[in-house]
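Subject: The structure I promised you

Hi,

Here is the structure for you to look through. Open it beside this email and follow along as you read.

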Amino acid sequence: MQILCVIPARLGSHRLPRKPLRLLAGEPLVRHVARRALESAIADHVVVATDDPSIVDAVAPLPVQAMLTDSAHGCGTERVADVAARPGFGEAEIVLNVQGDEPFFPVQAARDAVREVERGRHVGTVGARLEPEDLLDSHRVKVVVGGNGLALRFARTLPASLAWQCDVAVRRHVGIYAYSRDALARWAATPPTPAERAEGLEQLRPLRLGMSIGVVSYDASAPPAVDTADDLSAAERYMTLSTLGAG
């Protein structure tokens, strides 16, 4: 079964301008994500999908493909679908989206998200352990998971009481999606919902469409994703500590 990995990387960002090109340990952020995707060996092809030639240039030192996509795409999934529909990728039965701000994404969890699709889910994604400080932080997207392992809700903020209900689990969402080819095409072809626009959460679209989203549990704190300048500093610290630990 062929797997295509696409890393959507948009130059514009409201919270952190020119985010994919921000330097982490002296290299552009998007290059770290692409390198990790390559080293994971999950996919047959790794493609960076972007709206700006400067990001194409940033990943040029790596053996990945970089493709310019329409600047009008409203979310990463639309950019991923653009690439998946191009000649050369028609054999890929599963498409893996690793968001361009996840330089340390958990590799085994990404593999498990792919397995969610292999077992028949429309989409697979990842939920990490929710730390107390994450619950009211709107930069940390939360996913509410039912007893059957399917996503019930995505939100930036949730009532604190919800985290302690015994019939659901609340996890911190990690920016990884695996899709069946049909699910990806349907998601991308459907207009955004009002709730999606208001929250800035593309995950609300497949829920509205009735798609099954299997959530893989990553039973540790989520590794740093980069959404703000503070996140970038945290990622620098994380990389330094990881390097010291490896040494």
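A residue counts as buried when its relative accessible area is under 20%, as exposed when that area is over 50%, and as partly exposed in between. Keep in mind that this is a predicted model.

**Helix α1 and what follows**

Let's start with α1, which covers residues 29-40 and so has 12 residues by the helix assignment. From its first C-alpha to its last it reaches 17 Å, close to the 16 Å expected at 1.5 Å a residue. Which residues of α1 are buried? They are Leu29, Val30, Arg31, His32, Val33, Ala34, Ala37 and Ser40.

Just after α1 comes Ala41, with a positive phi of about 60°. Ala41 sits in the loop between α1 and β4. At a relative accessible area of 62%, Ala41 is exposed. Why point out its phi? Most residues other than glycine have a negative phi. Ala41 is not a glycine, yet its phi is positive.

Arg18 is another one to look at: its phi is near 55°, again a positive value in a residue other than glycine. You'll find Arg18 in the loop between β1 and β2 (23-24). Arg18 is partly exposed, because its relative accessible area of 45% falls between the two cut-offs.

**The nonpolar cores**

Next, go inside. The largest nonpolar core has 34 residues, and those with the most contacts inside it are Ile7, Val48, Leu96 and Ile176. Several elements each supply at least two residues of this core, among them β1, α1, β4 (45-50), β6 (92-98) and β10. Which element gives the largest share of this core? That would be α4, with 6 residues.

Setting aside residues up to four places away in sequence, Ile176 touches Leu96, Asn97, Phe105, Pro106, Ala110, Ala113, Gly124, Thr125 and Val126. There is also a second, separate core of 28 residues, which includes Leu4, Phe89, Val95 and Leu184.

**The largest pocket**

Now for the largest pocket, which has a volume of about 1200 Å³. Of the 38 residues that line it, the closest to its centre are Arg10, Arg15, Gln99, Arg156 and Gly200. The elements that give two or more residues to the lining are β1 (2-9), α3 (76-84), β10 (169-180) and α6 (194-199). β10 gives the most, with 5 residues. How does the lining divide by residue type? There are 12 nonpolar, 13 polar and 13 charged residues.

The buried ones are Gly76, Thr77, Glu78, Arg79, Val80, Ala81, Val83 and Ala84.

Cys75 lies in the loop between β5 (65-68) and α3. Is Cys75 buried or exposed? With a relative accessible area of 10%, Cys75 is buried, because that value is under 20%. Not counting residues up to four places away in sequence, Cys75 touches Glu202 and Arg205. The C-alpha atoms of Cys75 and Arg10 are separated by 9.1 Å, although the two are 65 residues apart along the chain.

Leu204 is in helix α7 (residues 204-208). Its relative accessibility is 14%, so Leu204 counts as buried. Leaving aside neighbours within four places in sequence, Leu204 is in contact with Phe154, Ala195, Glu196 and Glu199. Arg153 is 51 residues from Leu204 along the chain, and their C-alpha atoms are separated by 7.6 Å.

Last stop: Asp227, in the loop between β11 (213-221) and α8 (229-246). Asp227 has a relative accessible area of 13%, so it is buried. How far apart are Asp227 and Arg15, in sequence and in space? They are 212 residues apart in sequence and 6.5 Å apart in space, C-alpha to C-alpha. Asp227 also touches Arg15, as well as Leu16, Lys19, Asp101 and His139, again not counting residues up to four places away in sequence.

How values were computed
Residues are numbered from 1 along each chain as its sequence is written. This is a predicted model: local features need pLDDT of at least 70, side-chain atom pairs count only at pLDDT 80 or more; totals for chains, interfaces and linings use all residues. Side-chain values use heavy atoms; hydrogens and water are left out. Helices (H or I, at least four residues) and strands (E, at least two) are DSSP runs, numbered from the N terminus. The expected span of a helix is 1.5 Å times one less than its number of residues. Buried means under 20% relative accessible area, exposed over 50%, partly exposed in between (1.4 Å probe, protein chains only). On a 1 Å grid over the protein atoms alone, a cavity is a set of points where a 1.4 Å probe fits but cannot get out, and a pocket is an open set with protein on both sides within 12 Å along at least five of seven lines; lining residues have an atom within 4 Å of a point. Grid points are joined across faces, edges and corners, and a volume is the space filled by probe spheres set on the points. Ala, Val, Leu, Ile, Met, Phe, Trp, Tyr, Cys and Pro count as nonpolar, Asp, Glu, Lys and Arg as charged, and the others, Gly among them, as polar. A nonpolar core is a set of buried Ala, Val, Leu, Ile, Met, Phe, Trp, Tyr and Cys residues joined through side-chain atoms within 4.5 Å. Contact means heavy atoms within 4.5 Å.
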